[in-house]
Amino acid sequence: MENEAVVMKNVCKDFKVLNRHEGLAGSIKDLFSHDYKTVSAVKDVSLTVNRGEIIGYLGPNGAGKSTTIKMMTGVLEPSSGEILVNGKVPYKNRTENCENIGVVFGQRSQLWWSLPLIESFKLLRDLYMVPQKEYDEMIELYRSLVDIEPILHKPVRQMSLGQRTLSDILAAFLHNPAIVFLDEPTIGLDVSMKSKIRSLILGLNKEKNTTVILTTHDMGDVDALCKRIVIIDHGQKIYDNDIEHLKNYFGSYRTLKLCLADGTWEETLIDEKTTDVMDVIMARQKETKITDIKILEISTEDVIKKIYEGGSV
Amino acid sequence: MNPRRLIALTRAGIMESLHFRLGIFVTLFANLIYLVLVYYLWKAIYDSSGTDVVNGMTFTDTMIYLILATALFNFLEMFVVWDMSRSIQSGKIVLDLLKPMRFRIYTFWSYSGSHVVQFVLTFIPTFIVVMIVTGGAIKMGINLLWFVIATVFALIINYSIEMMVAPICLYTESTWGINIVKETIVLLLSGASIPLAFFPEKVRMIVDYLPFRAVYDIPLTMLLGKNGSDTPEGLLKMFGLQLAWILILTVAGNLFWNHAVKKITVNGG
Ligand SMILES: Nc1ncnc2c1ncn2[C@@H]1O[C@H](COP(=O)(O)OP(=O)(O)O)[C@@H](O)[C@H]1O
Ligand SMILES: [Mg+2]
C-alpha cells in the first residue's frame, strides 16, 4: 500500500441552495423558483494524510469540516479538484471504498437500535466479510482497551449517550479499516467517558496503525490524540502543521490568572512581546484586591481561539 | 450478493421484528375486524345478486381470496417510502450509503427478516385457519409450490414498486401524499381489496398487464388453481408476466435511483 492514506488536491465543494421566501405565499413561490445561490463550503483545500497518523481537523462551526469528510468517504462528490483515498477516487468507487474505511458521525448511530451490541457487531462482521479469527482478535483487543462487558449485551436503545458513542467507535474499527473518520465523536460526553474514548482511539491507532481523521471542538481531544492539526475556516485551509509548531509560534503568549477576593479566577491572554505581565497585574491591583496569581503557558484552546479570531500563522 | 451478507441481514431483521411482538398481535386483531366487515359486505352482495356464482367465483371462493389477500398484504407490506423519507430528513441515509453493499440490495435484505417473521406469524396461521374452516376448498398439491414461487416474485415486484416511489422524496419534501396515492393504487389494482374477477371487462384488460396484479392476484390465483393456473400455458403466462415486470422495474428503478442519489452526492441531500 502507498504511504498516503488520503490525498486531496485543490478540492472545492459548492452547494446550490434555493433562496427561500417567507410565509405561505413564499413557500408556494419557492415551488417554482429557480432563484439559487451558491454556498462555497470547501475552497481549494489540498491535504495529504499519511498512514498511521491521527490528525485533528479543526475549525469553527460551518467551516466545512463535515463536508470535507463526506467527500473523503465518497458520499459527496467534489465540485472540482482531486481526492484519492487508499489510492482510489472515493465517489466513483463508493462501495469499494467503504470496505476500507470506518465512520462515526457525532450524533448519528449506525448500530441496530433494538439489538444488543454484540448482534450489531456480528452483523457488521458478516457485512464486511471479516474472517472469524480476525473478528475474535479484534474483540480481544477491545477487551484489553476498554471494559466492554457491561455494554456488549445491552440493546443500543437502552445505552447512555456515552456508551452509544463508545459502541459506535468500536463498530467503526471492527473490520480493521485503513482509515477511520470521526466527526465530533466526543460531543456532549462527560469527562470520564471522553478520557475513555481518547485512550481507546489511541490504543487502536497504535495496535492497528489505523489512520484517524478527527474533528472536534474539544482541545482536550487534540492534546491527547493529535500531533498534527489542520485548521479550516470559511472553507479555506488556514493552518496545517504540528501542534508543537503552533505552540512555539504563540510561545510569547501567557495566560495570566488572577484570583479575586471573592474567590473567582479571572483569565487574560497576554503577548509578552507587546505587553508586560507585571503592568497588567499592577493595573488590576489598583482596581481590586488580588489574592493569588498564576502565569501559564498558552493552552491549545487559547491558541486555536487566537487563530479563529484571525491571528494568521 | 454474497450469501453471508444476505443471511446476516435477514437474521438481524428477524431478531428486530420479533422485538416488536406487540405489533404482530395488533395486526392480527385489526385483520379480524377488517375481515368481519368484508364478510358482511360480500354476503350482502351475493344475497342481492340472487345467484350462487358471481363472475365465476362462489361466495366461499371470494372469501378465501380476500382473507388470503389480507394475510398476503400484511406479509408483503413494506415501509420503504416512509423509512427513506425519514432517513433523508435525519441524514441517516449517509450511513446507509456507506455500507459495503449496493444500496438497493442492502435495503431489500434489511427488510427480508421482517418478511420471514410476518410470513410465519401472520400468513401461515391465517392460511391454516382458512384451510380448516373451508374444509378442503384449497387444493393441496403442486399449486402450493407455484404459490410460493409466485410469492417470492411478488415480494421483489412489490419492493421494486416501492423503490420507484421512494426516491421521489429526494425531489419533494412531502412524501405523505405520494405514499397514500401509491398505497391506494396498489391495493385497488392488485386485487387486494376487490378480486380482479369483479372488474369490468375493459378495465380488466388493462389491469391484467399491470405490475400490481403480479403482487397479489397472481400468487392467489395460483394457490386457488383458478384462471388457467392449473395448466402449463396459464402458469407460463403468469410467471412470464411477473418476470417481465421484475426486469422492467429493476432497470427503471436503478436508473431512477442513480439520478436521485445525485441529490445527495452532489447537493448534499
Ligand atoms: N447539504 C447542504 N446544502 C447546502 N449547504 C450546506 C450543506 N451542507 C453543508 N452546507 C453549508 O456548508 C458549510 C460547511 O458546513 P459543514 O461542512 O457542515 O461545516 P462544519 O462541519 O465545519 O461545521 C456551512 O455553511 C453549511 O451551511
Ligand atoms: Mg460538522
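Rings of Phe, Tyr and Trp, the six-membered ring in the case of Trp, form a pair if their centres lie within 6.5 Å. With planes under 30 degrees apart the pair counts as stacked. The legends below describe a predicted model.

**Figure 1. Aromatic pair between B:Phe103 and B:Trp257.** Over all chains, a search of the whole structure finds 16 aromatic pairs. One of them joins B:Phe103 and B:Trp257, with 4.6 Å from centre to centre and 10° between the planes, and is stacked. This pair links distant parts of the chain: B:Phe103 belongs to helix α6 (residues 103-134) of chain B and B:Trp257 to helix α11 (residues 232-260) of chain B, 154 residues apart. B:Phe103 and B:Trp257 are both buried.

**Figure 2. Phenylalanine rings around B:Phe123 and B:Phe127.** The ring centres of B:Phe123 and B:Phe127 are 6.2 Å apart and the planes stand at 20°, so this pair is stacked. B:Phe123 and B:Phe127 are four residues apart in helix α6 of chain B, which means that about one helical turn separates them. B:Phe123 and B:Phe127 are buried. Ring pairs also connect B:Phe123 and B:Phe127 with B:Phe75, B:Phe119 and B:Phe147 in a cluster.

**Figure 3. Lysines over ring faces in chains A and B.** In chain A, A:Lys16 lies over the face of A:Tyr36, 4.8 Å from the ring centre. In chain B, B:Lys43 lies over the face of B:Phe59, 5.7 Å from the ring centre.

**Figure 4. Open sheet of six strands in chain A.** The strand order is β5-β6-β7-β3-β8-β9, and the pairing is mixed. At the edges stand β5 (101-105) and β9 (236-242) of chain A; each has a single partner strand, so one side of each has no neighbour in the sheet. On average, and with direction ignored, neighbouring strands are turned by 15° against each other. Strand β3 (residues 54-58) of chain A pairs with strand β7 (residues 211-215) of chain A in the parallel sense, over three bridges. Opposite A:Ile54 stands A:Val212 in β7(A). Helix α2 (residues 65-73) of chain A lies across β3, β5, β6 (179-183), β7 and β8 (228-233) of chain A, at about 155° to β6(A).

**Figure 5. Open sheet of three strands in chain A.** Here the order is β2-β1-β4 and the pairing is antiparallel. The edge strands β2 (36-50) and β4 (80-85) of chain A each pair on one side only. From one strand to the next the twist averages 25°. Strand β1 (residues 4-18) of chain A pairs with β2(A) over 11 bridges, in the antiparallel sense. A:Phe15 has A:Val39 in β2(A) as its bridge partner. Helix α2(A) packs on this sheet and touches β1, β2 and β4 of chain A, its direction making about 120° with that of β1(A).

**Figure 6. Helix α10 (residues 217-224) of chain B and its cover.** The helix is mostly covered: eight of its eight residues are buried. Among them are B:Asp217, B:Pro219 and B:Met222. The cover over the buried residues of α10(B) includes α3 (59-76), α6, α7 (142-165) and α11 of chain B. After α10(B) comes B:Gly225, with a positive phi near 65°.

**Figure 7. Contact between chain A and chain B.** In contact are 31 residues of chain A and 30 residues of chain B. The two chains bury about 2,900 Å² between them, and carbon and sulfur atoms give 61% of this area. On the chain A side, A:Val75, A:Leu127 and A:Met129 lose the most area to chain B, together 20% of what that side buries.

Notes: Residues are numbered from 1 along each chain as its sequence is written. Chains are lettered from A and ligands numbered from 1 in the order in which they are written. This is a predicted model: local features need pLDDT of at least 70, side-chain atom pairs count only at pLDDT 80 or more; totals for chains, interfaces and linings use all residues. Side-chain values use heavy atoms; hydrogens and water are left out. Rings of Phe, Tyr and Trp (its six-membered ring) pair if their centres lie within 6.5 Å; planes under 30 degrees apart count as stacked, over 60 as edge-to-face and the rest as tilted. Helices (H or I, at least four residues) and strands (E, at least two) are DSSP runs, numbered from the N terminus. Buried means under 20% relative accessible area, exposed over 50%, partly exposed in between (1.4 Å probe, protein chains only). A charge sits over a ring if NZ of Lys or CZ of Arg is within 6 Å of the ring centre and within 35 degrees of the ring normal. Two strands pair if DSSP finds at least two bridges between them. Axes are lines fitted to C-alpha atoms, for helices over the stretch in contact, and angles run from 0 to 180 degrees between N-to-C directions. Contact means heavy atoms within 4.5 Å. Buried area is the accessible area (1.4 Å probe) that two parts lose on being put together, summed over both.
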